[in-house]
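Dear colleague,

I am handing over the structure below, and I would be grateful if you could look it over alongside the notes that follow it.

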Amino acid sequence: MGWFEIVATEPSHSRSFYHALFGWSLDSFGAGDAYSTITAPGAVTSMGALRSGDRDALCIGVLCANVTASIRALEPLGARLAEGPEHTPAGDIHAVVIDVQGNRIGLLQPGARETSAEPSGPPGLNATAFFEIGTSDLAATQKFYREAFGWTTERDEAAEGVDYYSIQAPGLPGEIGGMLDLTGMPGATDYAIPGLRVADVPGLLERAEAAGGQRVMGPVSDGNGLVIGQFLDPVGNRWSAFALPAAE
């Protein structure tokens, strides 16, 4: 995980919403708002993209060395191809697959413009630092991502009142995301969404609502003092956000 993509029927509206909410820089490639990379304040590399499309959608992305090879490996596991590999205006290669629970997952093969340096320390504010998968079939979802990307899961005992699992990736320290078991939650639907590190979750949720978004959950705290919330943007894209305990 290291990328996300927003598809917008009206990119200029999305650009205004996210810039006002997070201070993101959106750098256009080509004419108009057809394709822009997204960079968090103070970051040296982009973390996502906003592109024009005939639907409004948001998906997490996985960085890979070869998009075509990744698709060939994922299809036997039950993934379906939604958008075939194409070069983006920024010089990357991008595709979208549908996982076994119906979530859109982007695959990104970075172009030469990307740096290979790994960030050190905690993620910057208003930047993607996490992702969350909510699933109505925990076993099937765990199996798919384990076989697809080598991700493993471990029960998170700090998450109170829910069955939550941290996700680890081979060769990377710490957790890269979380998985929530939605079994027994009336009306819950599967999702895979990016997570942002912010300074103030209650304040973020209030600002998102004031800008035309909608609060989905939170703020709530886990047993480690992490504050978490979820919101929808004005067109219904769902995001997760968290703030580290004050001591961190």
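**Notes on the model**

The side chains of His 94 and Glu 5 are joined by a polar contact of 3.1 Å. Please keep in mind throughout that this is a predicted model. His 94 itself sits in strand β7, and with a relative accessibility of 8% it counts as buried, because the cut-off for that term is under 20%. Apart from its neighbours within four places in sequence, His 94 is in contact with a set of residues that includes Glu 5, Arg 51, Glu 83, Gly 84, Pro 85 and Glu 86, and also Gly 106, Leu 107 and Leu 108.

Which residues of helix α2 are buried? In this helix, which spans residues 67-74, they are Val 67, Ser 70, Ile 71 and Leu 74; seen down the axis of α2, the buried residues fall within an arc of 100 degrees, so they line one face of the helix. At the N-terminal end, α2 is capped by Asn 66, a side-chain oxygen of which lies 3.1 Å from the backbone nitrogen of Thr 68.

Turning to the sheet, 8 strands form an open arrangement in the order β10-β11-β12-β9-β13-β16-β15-β14, with mixed pairing. The edges are taken by β10 (152-155) and β14 (214-221), each of which has a single partner strand, so one side of each is left without a neighbour in the sheet. Neighbouring strands of this sheet are turned against each other by 25 degrees on average, direction ignored. Within it, strand β9 (residues 127-135) pairs with strand β12 (residues 177-181) in the parallel sense over 4 bridges, and Glu 132 stands opposite Gly 178 in β12. Helix α4 (residues 201-210) packs on the sheet, where it touches β14, β15 (227-232) and β16 (238-243), and its direction makes about 175 degrees with that of β14.

Finally, a search of the whole structure finds 0 disulfides. Cys 59 is in no disulfide, as the nearest cysteine sulfur, that of Cys 64, is 12 Å away, a separation that is too far for a bond. Cys 59 is buried, with a relative accessible area of 2%, and Cys 64 is buried as well, with a value of 14%.

Conventions. Residues numbered from 1 in each chain as written. Predicted model: local features only at pLDDT ≥ 70, side-chain atom pairs only at ≥ 80, totals over all residues. Heavy atoms only, no water. Pairing = 2+ DSSP bridges. Helix = DSSP H or I, 4+ residues; strand = E, 2+ residues; numbered from the N terminus. Axes fitted to C-alpha atoms, helices over the stretch in contact; angles between N-to-C directions. Contact = heavy atoms within 4.5 Å. Buried < 20%, exposed > 50% of the residue type's maximum accessible area, 1.4 Å probe, protein only. Arc of directions from axis to C-beta. Polar contact = N/O pair within 3.5 Å; in protein donor to acceptor, adjacent residues only side chain to side chain. Disulfide = S-S within 2.5 Å.
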